[in-house]
Amino acid sequence: MKKIFLLAVVASGLAFGQSKKVVASDVHWWGYKVAKSEASSHDGTVKVKSGDMIMKGNNLVGGSFVLDMTSINATDLSGEYQQKLNGHLKNGDFFEVEKFPTASFKITSVKKNSDKIYNSLVTGNLTVKGKTSAITFPAKISYSKGVVSLVSEKFSFDRQKFDVAYKSTMQDVFVKDDIEMLVKVSAK
């Protein structure tokens, strides 16, 4: 009876995929003022709180990630200016981290891409501030010795779809709607 149960567990793992826990990550973001340039931008990081990637054989077929929005940090500034921008990003003007401490991304499909470097197109549902929208980005996905690695090409999404809006008298006149990201995640 134990052998039948063990065989059923192994077979279900092969049918539905094997979950790998995220062990390393680097998520970088860029935000721009209306005139998109290095001088009119800010960039920084946000930490992955938890996540998993689902493998079926040697192929990534799913997964999900939770971003710790309380960790959002501008890395292009230091000192007082960095503290001010970090506070601005975390308050009601943008991400409202006290009310929405996490964001998430759930992979819904992974397809082959014709690009030689970014060999896959990853589609999933991004949820920020309780609002969900589908996004797709090119990624280099590799699997070796039990470790799956996903490295995205720099991609963008429209922050307005998630109500990440600068709530001031000038509204969003100064800030571009697109936020760019580059994501690196490894799971084992």
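In what order do the elements of the protein run from the N terminus on? They go α-β-β-β-α-β-β-β-β-β-β.

View 1. Helices here are DSSP runs of H or I with at least four residues, strands are runs of E with at least two, and both are numbered from the N terminus. This is a predicted model, where local features need pLDDT of at least 70 and side-chain atom pairs count only at pLDDT 80 or more, while totals for chains, interfaces and linings use all residues. Residues are numbered from 1 along each chain as its sequence is written, and side-chain values use heavy atoms, with hydrogens and water left out. The mean pLDDT (the predictor's confidence in each residue, from 0 to 100) is 88, and 85% of residues reach 70 or more. Of the 188 residues, 38% count as buried; buried means under 20% relative accessible area, exposed over 50%, and partly exposed in between, using a 1.4 Å probe and protein chains only. Take the contacts (heavy atoms within 4.5 Å) with a separation of 6 or more: residues 24 or more positions apart account for 56% of them.

**View 2. Residues 2-14, where pLDDT stays under 50.** For this stretch the model has 3 contacts beyond four places in sequence.

**View 3. Helix H2, residues 79-90.** The expected span is 1.5 Å times one less than the number of residues, so the 12 residues of H2 should span 16 Å, and the end C-alpha atoms, 17 Å apart, agree with that. Gln-82, Leu-85, Asn-86 and Leu-89 are the buried ones to look for in H2. They cover an arc of only 100° around the axis, which puts them on the same side of H2; the arc is taken from the directions from the helix axis to the C-beta atoms. An α-helix has 3.6 residues a turn, so residues three or four places apart point the same way. Over on the other side of H2, Glu-80, Gln-83 and Lys-84 are exposed. The cover for the buried residues of H2 includes strands E1 (18-33), E2 (41-56) and E3 (59-74).

**View 4. Aromatic pairs, 3 in total.** Rings of Phe, Tyr and Trp (its six-membered ring) pair if their centres lie within 6.5 Å; planes under 30 degrees apart are stacked, over 60 edge-to-face, and the rest tilted. Phe-105 and Phe-137 have ring centres 5.7 Å apart and planes at 45°, so this pair is tilted. It links distant parts of the chain, with Phe-105 in strand E4 (residues 102-112) and Phe-137 in strand E6 (residues 131-144), 32 residues apart. Phe-105 is buried at 9% relative accessible area, and Phe-137 is buried at 4%. Phe-157 and Phe-162 also have centres 5.7 Å apart, but with planes at 85°, so that pair is edge-to-face. Both Phe-157 and Phe-162 are buried. Ring pairs also join Phe-105, Phe-137 and Phe-155 into a cluster.

**View 5. Lys-154 over the face of Trp-30.** The lysine lies 3.8 Å from the ring centre. A charge sits over a ring if NZ of Lys or CZ of Arg is within 6 Å of the ring centre and within 35 degrees of the ring normal.

**View 6. Ser-152 in strand E7, residues 147-152.** Ser-152 is buried, with a relative accessible area of 0%. Leaving out residues up to four places away in sequence, Ser-152 touches Tyr-118, Phe-137, Pro-138, Ala-139, Met-181, Leu-182 and Val-183.
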